[in-house]
Amino acid sequence: MPTTLSSIKKKMEERIGSKIMLVAQTGRKRQTEHRGTLTETYPAVFVVDLDHDENSCERVSYSYTDILTHTVEVEFL
């Protein structure tokens, strides 16, 4: 992934509608994995609609700073 917030935001805006896999650090030695579709980008966050068969919630949102600090790892499928 890019190394500045503006380049991360630009790359995410280019991939709206793409399938995405997110691995988020949720605590000490814990991770959650989400799969879905990148649907929206805002000035500070992006929104992913999750696949219904795998998750109990419908949407998640993360900030671009989470990607920059490696709290969230993004992989486009």
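**Salt bridges in close-up**

**View 1. Lys19 and Asp51 meet through their side chains in a salt bridge.** The N to O distance is 3.6 Å in this pair, and the model shown is predicted. Lys19 lies in strand β1, which covers residues 19–27. Asp51 sits in the loop between β3 (45–50) and β4 (59–63). The two residues are 32 residues apart, and their pairing links distant parts of the chain. Lys19 is partly exposed, its relative accessible area being 43%.

**View 2. A salt bridge joins Glu33 and Arg35.** The closest N and O atoms of Glu33 and Arg35 are 3.4 Å apart. Glu33 has a relative accessible area of 46% and is partly exposed. Arg35 is partly exposed at 29% relative accessibility.

**View 3. Asp49 and Arg59 form a salt bridge between their side chains.** Here the distance from N to O is 2.8 Å. Asp49 belongs to strand β3 and Arg59 to strand β4. These partners are ten residues apart, and the pair links distant parts of the chain. Asp49 is partly exposed, with 28% relative accessible area. For Arg59 the relative accessible area is 44%, and this residue is partly exposed.

**View 4. Glu40, Asp49 and Arg59 belong to one network.** Salt bridges with shared partners connect these three residues. In the whole structure, a search finds five salt bridges, among them the one between Asp49 and Arg59.

Methods: Residues numbered from 1 in each chain as written. Predicted model: local features only at pLDDT ≥ 70, side-chain atom pairs only at ≥ 80, totals over all residues. Heavy atoms only, no water. Salt bridge = Lys/Arg side-chain N within 4 Å of Asp/Glu carboxyl O. Helix = DSSP H or I, 4+ residues; strand = E, 2+ residues; numbered from the N terminus. Buried < 20%, exposed > 50% of the residue type's maximum accessible area, 1.4 Å probe, protein only.
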